Amino acid sequence: MSKIKVAELFYSLQGEGQYLGTPSVFLRTFGCNFMCAGFGMPRGQLSEERLAIDPEKYTEYDKLPLVHTGCDSYASWDPRFKHLSPMLTVEAIVDRMQELLPEGKFGPDKHLILTGGEPLLGWQRSFTELFEEIAKRNMNLTHITFETNGTQKLKPELVDWFHSNQYYPELNITFSISSKLPSSGEKFEDAIRPEIIEDYYQVGNLSYFKWVVSNEDDYFDVVRAVGAYSSVLGPHVMKNIPIYLMPAGGTTKVYDNNEKWVADLAMKHGWRYTPRLQVQLWKNAWGT
Ligand code: SF4
């Protein structure tokens, strides 16, 4: 049976984007191809906040400190914290999902979210086994969302499985693409990969973009990214993909400073606005 390195597995509300407020099981896999150390920093500077956290002092993931700058999910990819993310069999993961879900079942209002880190790194082959294990237990899975940074190609095995599986004729698959702008500290050319996300349309029922913004420079980068995606996907396809702007801020203080400005920006330019419920309701605590 396949194993997946699991940073977090929890039941919460989807806090962002298209399915905002939907009760969901989140499977946060370990590993990411980025570091996003630029969040919350003056442009061109990288945060060292997470580097000041001593991994030896922690034996539980949810006791780690939150950071104000850089990636707020740092422990889901920084190798220094990998001892806090166990390798679990697909069977053990589904056991835990059954414990977390009311009556042990998914459904149209109880989704599965695969997040990270970057969930489309090495775990794609294990995902097919995971979906089959869920199906064998009759858990009524109807909606899967992949929360991705949009840089990872889908493996042919996963694409084939979605096209030919016997288990889920009605499965609804969503790609929530949060590609990183230069304010993340990652390079535009590395992060905006329109040729990659073309693949997602082969299997997804819905894809949408979700961009973290905090200032005018980010806005201009969103415009540039939309242009880059449009040049490959075509303006007609691009016009039908929802675009969400989301305030930067993994902590309440930073978030509160950004939310109104970002909401106004979304209205002004005719894009959607998404809050971050997990920051508003639970101060972005681990497991939310
Ligand atoms: S892509 Fe997401 S998980 Fe990966 S480092 Fe950036 S913000 Fe963190």
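This is a predicted model: local features need pLDDT of at least 70, side-chain atom pairs count only at pLDDT 80 or more; totals for chains, interfaces and linings use all residues.

Me: What's the strand order in the open sheet?

Reply: The order is E3-E1-E2-E4-E5-E6-E7-E8-E9, nine strands with mixed pairing.

Me: And which strands stand at the edges?

Reply: E3 (87-89) and E9 (272-273). Each has a single partner strand, so one side of each has no neighbour in the sheet.

Me: Which strands does helix H9 touch?

Reply: H9, residues 252-269, packs on the sheet and touches E7 (206-213), E8 (243-247) and E9. The direction of H9 makes about 155 degrees with that of E8.

Me: Back to E4 and E5, do they pair in the parallel or antiparallel sense?

Reply: Parallel, over three bridges, with E4 covering residues 111-115 and E5 residues 143-148. Ile113 stands opposite Thr145 in E5, and Leu114 stands opposite Phe146.

Me: Is E5 mostly covered or uncovered?

Reply: Mostly covered, with six of its six residues buried. His143, Thr145 and Glu147 point one way from E5, while Ile144, Phe146 and Thr148 point the other way.

Me: New topic: how many cavities of 30 Å³ or more does the structure hold?

Reply: One. The space in that largest cavity is about 40 Å³.

Me: What lines the largest cavity?

Reply: Ala37, Ser47, Arg50, Val67, Thr69, Gly70 and Cys71. By class, that lining has three nonpolar, three polar and one charged residues.

Technical notes:
Residues are numbered from 1 along each chain as its sequence is written. Side-chain values use heavy atoms; hydrogens and water are left out. On a 1 Å grid over the protein atoms alone, a cavity is a set of points where a 1.4 Å probe fits but cannot get out, and a pocket is an open set with protein on both sides within 12 Å along at least five of seven lines; lining residues have an atom within 4 Å of a point. Grid points are joined across faces, edges and corners, and a volume is the space filled by probe spheres set on the points. Ala, Val, Leu, Ile, Met, Phe, Trp, Tyr, Cys and Pro count as nonpolar, Asp, Glu, Lys and Arg as charged, and the others, Gly among them, as polar. Two strands pair if DSSP finds at least two bridges between them. Helices (H or I, at least four residues) and strands (E, at least two) are DSSP runs, numbered from the N terminus. Contact means heavy atoms within 4.5 Å. Axes are lines fitted to C-alpha atoms, for helices over the stretch in contact, and angles run from 0 to 180 degrees between N-to-C directions. Buried means under 20% relative accessible area, exposed over 50%, partly exposed in between (1.4 Å probe, protein chains only).
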